[in-house]
Amino acid sequence: MNTIKTGLLLGALTGLLMLIGGWFGGQQGVVIAFIFAMVMNFGSYWFSHKIVLRMYKAQEVSENEAPELFAMVKNLTLKASMPMPRVYIIPGDTPNAFATGRNEQHAVVAVTEGLLRILGRDELEGVIAHELTHIRNRDILLGSIAATLAGAIVMLANMAQWAAIFGGGRDNDEGGRGNIVGLIAMAVLAPIAATIIQMALSRSREYLADAGGAKISGKPYGLAGALEKLSRASKAIPMEATPSTAHMFIVNPLTGRSLMNLFSTHPPIEERVARLRSMRPS
């Protein structure tokens with residue numbers, strides 16, 4: 001059901017983008033919006049992981065530089081029957097982690113220095129296994145596509161806002177007023193709708209990654225304990241993260257900001273922990 005939901009939500013994002021394109025340019029606008037989305041998706045497929053890693057100043061580490069972490073990732077990928085991803089460490093005290101890359105053969109697992117300091121072995125294995133599940137489920141690709149479509153929707157909504165400010169509308173007064181009201185409504189509602197769709201997509205994938213991570217590591221309690229630690233730490237030591245990349249992390253890096261809690265891309269930690277603690281270790 002989560003897989004079906006993912007397809008529906010991606011379709012909803014694409015449809016919303018095409019609806020905005022149609023508002024601006026009719027049938028031709030729909031086609032242009034669709035082509036625009038495909039071009040952006042192509043760019044995100046090939047380059048988004050490099051941009052995100054550079055954004056957080058992540059550094060690739062070798063087996064000699066981080067032998068314990070490297071061995072743990074290698075062991076878990078063998079359990080999951082997956083190719084070995086590249087391993088990166090992000091400087092900073094806030095504990096968190098994410099996976100990125102366009103497919104299993106070109107994947108990256110990145111963890112912060114803070115995460116390596118506060119987690120025990122079972123907890124760290126749970127986190128790494130969670131990220132490997134994201135890679136195996138192609139969540140990193142889906143997340144990039146969703147973020148790109150949402151970004152395009154927000155950009156077009158901003159265009160609608162400026163069009164309304166500078167009097168975009170029909171020639172007659174009544175039609176012009178109606179068109180301006182429509183542009184203003186779109187400028188306000190379209191980004192909210194895109195955010196809500198992106199939230200629903202990310203939340204469903206997090207539950208699947210938790211379950212998959214627990215299965216790969218065989219230690220659901222370890223992952224549950226890690227989520228609790230990361231949730232507390234993210235509130236005490238907020239991370240300098242951008243909202244457009246928040247969905248990539250294992251816990252929401254924007255937790256410390258009350259306004260962002262209203263638009264969280266992650267399900268409640270309490271619910272995730274409860275689900276994991278109901279599972280039997282293997």
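The structure is a predicted model. Its 4 strands form an open sheet with mixed pairing, in the order S1-S2-S4-S3. The largest nonpolar core has 37 residues.

**The sheet**
- The edge strands, S1 (59-60) and S3 (97-101), each pair on one side only.
- S1 pairs with strand S2 (residues 86-90) in the antiparallel sense, over 2 bridges.
- Glu60 has Tyr88 in S2 as its bridge partner.
- In general, the strands of a sheet pair through backbone hydrogen bonds, either parallel or antiparallel.

**The helix across the sheet**
- Helix H4 (residues 121-136) lies across S3 and strand S4 (107-112), and runs at about 150° to S4.
- Val109 belongs to strand S4.
- Because its relative accessible area is 2%, under the 20% cut-off, Val109 counts as buried.
- Val109 and Glu131 are 22 residues apart in sequence, and their C-alpha atoms are 6.8 Å apart in space.

**The nonpolar cores**
- Within the core of 37 residues, Val127 and Ile128 have the most contacts.
- Elements that each supply at least two residues of this core include helix H2 (67-79), S2, H4 and helix H6 (173-217).
- H4 gives the most to this core, with 6 residues.
- Among the residues that Val127 touches are Ala97, Leu115, Leu223 and Ile250.
- Another core, of 15 residues, lies apart from the largest one and includes Leu53, Val108, Ala110 and Met248.
- In soluble globular proteins, nonpolar side chains tend to be buried together.

Note on methods
Residues are numbered from 1 along each chain as its sequence is written. This is a predicted model: local features need pLDDT of at least 70, side-chain atom pairs count only at pLDDT 80 or more; totals for chains, interfaces and linings use all residues. Side-chain values use heavy atoms; hydrogens and water are left out. Two strands pair if DSSP finds at least two bridges between them. Contact means heavy atoms within 4.5 Å. Axes are lines fitted to C-alpha atoms, for helices over the stretch in contact, and angles run from 0 to 180 degrees between N-to-C directions. Buried means under 20% relative accessible area, exposed over 50%, partly exposed in between (1.4 Å probe, protein chains only). A nonpolar core is a set of buried Ala, Val, Leu, Ile, Met, Phe, Trp, Tyr and Cys residues joined through side-chain atoms within 4.5 Å. Lists of a residue's contacts leave out its neighbours within four places in sequence.
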